[in-house]
Amino acid sequence: EQIEEAKKLLAEAGFPEGKGLAEITYDCPSSSVSRQIGEHFQKQMETIGVKIKVVTSPWPELQRKIDKRLVMTYGIAWGADYPDAENFLQLLYGPNKSPGANGSGYDNPELNRLFKVAAIMQDSPERTALYEKMNRIAAEQVPWIFGVHRQSFLLVHGWTKNHIGHLAKDTRKP
């Protein structure tokens with residue numbers, strides 16, 4: 001049903017079955033995992049008639065292309081540096097545009113205004129409400145397409161004590 005809805009929206013935009021829509025380039029890091037994610041995206045878009053060309057680049061080259069706004073679309077990951085929604089919302093704050101953290105170039109005056117207010121507030125229900133409003137704005141305007149969540153695994157000896165895994169959940173049983 002989602003594929004049919006996507007095809008309908010594509011037709012309404014003037015590109016029935018993707019006809020007349022130019023090929024879209026998708027830049028990503030040259031790692032195997034990033035390339036596979038790009039190829040998965042390519043196959044998914046193919047189902048509605050959208051042609052995607054996956055372009056891989058070493059990380060410094062990809063970052064240069066993003067900073068100089070030489071990419072159509074791109075796929076990179078972001079891991080939270082600290083446990084606060086601001087860590088992700090800063091990536092949508094207009095004044096942080098490339099070469100800053102906002103590589104998408106998204107610039108919404110209302111989101112920018114809310115971010116400026118929330119960024120200096122202490123953790124509170126009021127700040128959470130602003131974060132939720134910013135999230136709704138971004139969800140409606142879709143400056144990003146959320147992809148997949150990468151899994152990582154951490155092996156730790158059973159005799160290791162007081163270890164906190166950074167990227168993986170510790171699933172050892174006591």
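These legends go with close-up views of a predicted model. Local features need pLDDT of at least 70, side-chain atom pairs count only at pLDDT 80 or more, and totals for chains, interfaces and linings use all residues. Residues are numbered from 1 along each chain as its sequence is written, and side-chain values use heavy atoms, with hydrogens and water left out.

**View 1. Helix 5 packs against helix 6.** Here residues 109-119 (helix 5) meet residues 125-141 (helix 6) at an angle of about 160 degrees, axes 10 Å apart. Because of that angle, helix 5 runs roughly antiparallel to helix 6 (angles over 145 degrees count as roughly antiparallel). Helices are DSSP runs of H or I, at least four residues, numbered from the N terminus.

**View 2. Who touches whom between helix 5 and helix 6.** Helix 5 brings Glu110, Leu111, Leu114, Phe115, Val117 and Ala118 to the contact (heavy atoms within 4.5 Å). From helix 6 come Arg127, Leu130, Tyr131, Lys133, Met134 and Ile137. Sorted by class, that's nine nonpolar, no polar and three charged residues.

**View 3. The largest nonpolar core.** A core means buried Ala, Val, Leu, Ile, Met, Phe, Trp, Tyr and Cys residues joined through side-chain atoms within 4.5 Å, with buried being under 20% relative accessible area (1.4 Å probe, protein chains only).

**View 4. Around Met134.** Leaving out residues up to four places away in sequence, Met134 touches Leu89, Leu111, Leu114, Phe115 and Ala118.

Methods. Axes fitted to C-alpha atoms, helices over the stretch in contact; angles between N-to-C directions. Helix = DSSP H or I, 4+ residues; strand = E, 2+ residues; numbered from the N terminus. Parallel < 35°, antiparallel > 145°, perpendicular 65-115°, else oblique. Nonpolar A, V, L, I, M, F, W, Y, C, P; charged D, E, K, R; others polar. Buried < 20%, exposed > 50% of the residue type's maximum accessible area, 1.4 Å probe, protein only.
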